[in-house]
Amino acid sequence: MIVRALVLASQGKLRDCGIENPTRDARLLLANCLGVEVHKLNLLDDSFLSKDEISKFWRMVDERCKRKPVSKIIGYRAFWGRNFEVNENVLDPRGDTETLVEVVLENKFKTMLELGTGSGAIAITVLAERIDATCVATDISELALETAARNSKIHGVQNRLTLMQSDWLSKISGRFDIIVSNPPYISAKEYNELGNEVIDYDPKISLTPGGDGLDSYRQIISNAKEKLIKNGQIVLEIGYSQAEPVKTLLAGAGFSKIKVHKDLGSRDRVLSAEAA
Ligand SMILES: C[S@@+](CC[C@H](N)C(=O)[O-])C[C@H]1O[C@@H](n2cnc3c(N)ncnc32)[C@H](O)[C@@H]1O
């Protein structure tokens, strides 16, 4: 079978399974299966595939039909122009989180603390963009920290990144110029309404703290000021309807200059504030 025919056949199967973007997904999976970049797949249109390549590809298509995200089938996700290893132990970094990185990079800082690093996408991206910065990045999950460690080596920032297991700020000592977090913020009710693609493949601990979804903010914000230098910054990703309650938490903890930043879809996505 040649590449073009296989793309067409697999597109049809993905469409029948109800996959939203069957052409894009078929091409991404086949390019990964053949070890080529997706934009070069057309150059192989008339090439024949081996039996092994064809069986491997159909196994990938079957996984996609079971709603496994493409990134978790191919093992990586592009974030801010770099590829990050992702697996069952880490949240698949979302495009919206690039807004958080954008806001962080508007600040001047040398030392950063990231809480809940997951794959390490935020900390590693910031360190790759800011070559004079260092970062302590934490997570409660040891397996997530192992993934972040591998990603830090892939992107050559491991010497400026300290990874640490900690329940939010409990094990953190010292003060930082900036604290950054994209904590789990989905409420228990919203979690029960999520699709299989998310519930079955992103760790629950990365998605929801339960209850009203605000507990991670309560815990982070109540202890953050004592870990920041004077005029240090805090930058938090939020759910699009959480700006008001999280602003109230920040103001209550003595933060000032609280700003809401919107994502590309014009929804509230990030809050930044300053420690007086
Ligand atoms: C929404 S994910 C963010 C992952 C990554 N920073 C990103 O933006 O793609 C939240 C992360 O917080 C971690 N986490 C959950 N509860 C935590 C806690 N009590 N202390 C530290 N990290 C926690 C999860 O394991 C997960 O990696």
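**Helix α2 and its neighbours**

Guide: Val3, Leu6, Val7, Ser10, Gln11, Leu14 and Arg15 in α1 meet Pro22, Thr23, Asp25, Ala26, Arg27, Leu30 and Leu34 in α2. Contact means heavy atoms within 4.5 Å. By class, the residues of this α1 contact with α2 split into 8 nonpolar, 3 polar and 3 charged. Ala, Val, Leu, Ile, Met, Phe, Trp, Tyr, Cys and Pro count as nonpolar, Asp, Glu, Lys and Arg as charged, and the others, Gly among them, as polar.

The model is predicted: local features need pLDDT of at least 70, side-chain atom pairs count only at pLDDT 80 or more, and totals for chains, interfaces and linings use all residues. Residues are numbered from 1 along each chain as its sequence is written, and side-chain values use heavy atoms, with hydrogens and water left out.

Now the geometry. Helix α1 (residues 3-16) and α2 have axes that come within 9 Å and cross at roughly 130 degrees. Axes are lines fitted to C-alpha atoms, for helices over the stretch in contact, and angles run from 0 to 180 degrees between N-to-C directions. Helices (H or I, at least four residues) are DSSP runs, numbered from the N terminus.

Next, the other partner. The axes of helix α2 (residues 22-34) and helix α3 (residues 51-65) come within 10 Å, crossing at roughly 140 degrees. On the α2 side, Asp25, Ala26, Leu29, Leu30, Asn32, Cys33 and Leu34 take part; they meet Glu53, Lys56, Phe57, Met60, Val61 and Arg64 in α3. That contact has 8 nonpolar, 1 polar and 4 charged residues.

Terms used: Helices (H or I, at least four residues) and strands (E, at least two) are DSSP runs, numbered from the N terminus.
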